[in-house]
Amino acid sequence: MSRFLWFLGVVGVLLVSGNRALAQLSDPAFEHYTTEDGLSNDQVKCLLKDRRGFLWFGTFNGLNRFDGYEFKVYKRTATNGLPGNYVIGLTEDPQGYIWVATHRGLCRFDPVRETFTPVRLAVHADRLGDNDLVSGLVIDRQGQGWFSSIDSLYRIDLRTMRCKAFPNVGHTPYLMPIVLYPFADRKGRLWLQNEQAIYQFHPSSGRYTYIFGRDTRHPRAAEEVWTFHEDRQGQMWFATGTRGLMRYDESQKRVVNEPDGEVSVYNVAEGMSVGKGRRFFWVYRDDKGLMLYYPDRRRYVPVAADPQDPLAYHGGPVNEILNDAQTGIVWLATDKGIEKADAATLKFGRKRLTPDRPSSENRSMRIVRQDRFRPELYWMAVQGAGLVRWNRRSDEYTVFDRKDGLPDEDIRDLVQDARGRLWLGLTGGISRWTPGTRDWKHWRGFFRDPSQTHRVTRLWLDSTGRLWLGTDLEGLYVLDDEQAAVRPWPVGETFDHLRPFRVYKMQEDGQHRLWASTSRGLFRIDYRRGESRKVALNPLSEQLLPSDKIQTTFTIDSRNRLWVSGIGFLAQADLNGRVLRTFTLENGLQADHIFDIQEDRSGRLWMTTDYFLHQLEPQTGRFRYFSKDNGLFSNFMSTRLTADARGELFIGHGPAFNHFVPEKLPVNRYPPPVVLTGVRVDTLATSVIPGEPVTLRPDQHTVSLEFTALSFSQPEKNRYAYRLDGVDPGWIETGSRRVTYANLDPGTYTFRVKAANNDGIWNERGATLQIRVQPAVYQTWWFRLGCLLLVAGLLYAVYRNRLQQRRRLEGIRDRIATDLHDDMGSTLSSIRIFSDVVQQQIAPVSPETVPILQRISSSATTLSESMQDIIWTIQTKYDSLDDVVTRMREFGLRMAEAKNIRFRMQVSEKFETLRLDVEQRRNLYLIFKESINNAVKYADCRNITVQIALLNKHLSLTIEDDGKGFDPATVRPGNGLPNLQKRAREINGQLTVHSAPGEGTRVVLLVRV
């Protein structure tokens, strides 16, 4: 059920009670905002809700924006463009601008950028303030704006702000505020009020048509028109000071009287109705104040003004009324501040017995019970006042006290029997009263200890009509028959007048057994068997429950589940006391003491406690809590809950009571609009422009974002969730309306925020804002690219330099090789040739010199070969590994063939692209050469196998023979092996020699290339 329906119940919609329709005449509940809450002035002239959801109030001293939490005040300064602080009218145009009418002129206000642009009129040229007053702006069907001044009616182009003036219908010079709002209705007509008369204006001809009312031109007219209003059906209504409400009859083309009496109506606005609910109007009357008018019955219902009640109407003239169709909230602009009637916040009906009613502030409403035969009547036990009958239909109270035969005005409980008679629990006994005949009968003096003052605190009529009495000192009594005497019922221990035996509550179960919660525990009574059995709670777990003596109340629900409360706990048990569930302060309870429990028609449990009204859903175990903010008179409720025939619950508090239908409690289903209200970059505040990002310079390090949910129903209960994409891993829930981020990396971020209203309804769409963090120079792409190019240039320069050095070195190497080949090579060849020639010539003459010459020739040959190796090593054209392998193969074949040894060389792949430096090439070749020489000279081998492979950027060289081998541990050290190890180390290689007698020798070299 919509929350609007409950609100209409508050303001007078028909509610069903039993089989009869009753008029619910409970006073509407209001919240109030004044200068104490931040409003700039208590005299509020006009109000507006804009498209974003903000509320705007025009006061006698400033323009106010309200977001549910706080007021932001705009006042005239020398530079801001607001003409004046006395704000008369507020209108929002299709572009979202707000037109502000003041006593010093009209201006257009941009609510996003917060800038005012004044409308320049010719009348302002005199710089006098007594003729600058303008009316509020209205917008016709063509999108043109209209407003009036003292002497002219203006049409304004809302985009260009160009005005066209039409002469006014006429005015009285000595009256200042003679123009109010012009009004453009949905039929395209333009209505204008001049003084207290109504005209229609025809823009095509510039002519006025007088409709009715009194002004200078029509001084004898009876009607004084104060304001006008178009309802949702297009009917024009006029509030007059002499004939009440009047309306324009379209068929007769004239204003006709609404037969509501000769009353004075100052303001009128249609109320919100739902479905087939009764149509009504809010009106303000000079003689009666705020009222509700029902045109179907032509009846006014007053809204009681009580300045002492914080949730009652505080009185004061109503200048404008705003019905918010989205939220159902009614806003009143008054001379005493702002009044808000909100069903989504104030969920509970309220009735206060004002001083002119049968109560005073020191009296207390103990219980409310509906009459079983006349549903419009309710009986109330009011401490200190007696018995009160409330006629709900007429909202009339009747008091029955001592002068009517009531023996005691301190009524503790009351019940009504099947014959309509009332039974009252009193101090000293009980009384029975017949409302029709007003006959009394009293039962007194039946207590066992007459020396004490006894009170009958609880009454229960069981299914057989038997009356049970619960007392504050002596336990249970029973009245079996009206002709019999009241007798005590034995429960538990023997009676002891020194130990008070108090009865807290009684209830009958489905088997017609009576249950009684007492100061000595919970008892189950079977009258037919004459038995009383104490029911002790039996926990299923080892959780310690309080003793029976501090149990407070109980109830048995419609499913025969027993619910028992004590100090700090609520237990669910079966009818034998076996505990099934326990609720404590740790899992849902908000209060230590539960005073009463009542089940509603939906099976939910309601509990009055020492802190909030609790609602428990037994199926889920979830609690809801309601407080004074929801319209309850107090957060501490020690009185009982009672239900009428249709399930409406009543809670008494002081000289007042709340009432509500649990199934119709209003729920705020309106997802609140979410607005970003401000951004602060470091310490600089900036405006939030829709669609425009917020930019942070490199020297700015923090950004604070302010946001709000424009839900005016208990805004303090709004919840928020926010997320900065790329920073927050998920949604972060909070009750705060501000979040700060610091030291964001350069880039573009999206801030998202969503909100939930007081009843947990989320606006998942929320609001977004793009944040751009500018990088510092060193963080920009072009700077990084420049650095990259610079590094690349430097590396290229180094490469070119090394390449040039390498080429220069290669040139030097080639020259050295050439010089060695040409000079040293030719010299050694000459020595060998000359020695051979000398040898041939001298051999016959001196044969003893031949060996010497042969050694010279052999040494020259050997030295020439070594010189060829050196030249080969130095020459750059042989730097590739493939060249080294070729030379190795040539040397190995030459050496092996000389000794008739089989030589095999296995190469895994080609090495054309792999180049070696001079040291690697020289040492690699010399290690190979030395190993082959050793194998040929000393191994006595038949086979030599060489394997060359490239493994993971490492060159592996293995030289293996099948010769006689040797024992590395016993071999005499020479220069061979140390030289091999030394050459391997010079090229950062690793050389290992594996040999054993009779098993040959294997040399393995591993070098990174």
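This is a predicted model: local features need pLDDT of at least 70, side-chain atom pairs count only at pLDDT 80 or more; totals for chains, interfaces and linings use all residues.

Visitor: How many bridges join β10 to β11, and which way do they run?
Guide: Four bridges join them, and the strands run antiparallel. Strand β10 covers residues 105–110, and β11 covers residues 115–118.

Visitor: What about the hairpin of β10 and β11, how many residues sit between the strands?
Guide: Four residues. Glu114 takes a positive phi near 60° in this hairpin.

Visitor: New topic. What is the strand order in the open sheet of five strands?
Guide: The order is β68-β69-β70-β72-β71. Pairing in this sheet is mixed.

Visitor: Which strands stand at the edges?
Guide: Those are β68 (902–907) and β71 (989–995). Each has a single partner strand, so one side of each is left without a neighbour in the sheet.

Visitor: And how are neighbouring strands turned against each other?
Guide: By 10° on average, direction ignored.

Visitor: Zoom in on β69 and β70. In which sense do they pair?
Guide: Antiparallel, over eight bridges. Strand β69 spans residues 943–951 and β70 spans residues 954–961.

Visitor: What is the bridge partner of Ile948 in β70?
Guide: Leu957.

Visitor: Now helices. Which strands does α5 lie across?
Guide: Helix α5 (residues 918–938) lies across β68, β69, β70, β71 and β72 (1001–1008). The helix runs at about 15° to β70.

Visitor: And where does α6 lie?
Guide: Helix α6 (residues 976–986) lies across β71 and β72. Its angle to β71 is about 150°.

Notes. Residues are numbered from 1 along each chain as its sequence is written. Side-chain values use heavy atoms; hydrogens and water are left out. Two strands pair if DSSP finds at least two bridges between them. Helices (H or I, at least four residues) and strands (E, at least two) are DSSP runs, numbered from the N terminus. Axes are lines fitted to C-alpha atoms, for helices over the stretch in contact, and angles run from 0 to 180 degrees between N-to-C directions. Contact means heavy atoms within 4.5 Å.
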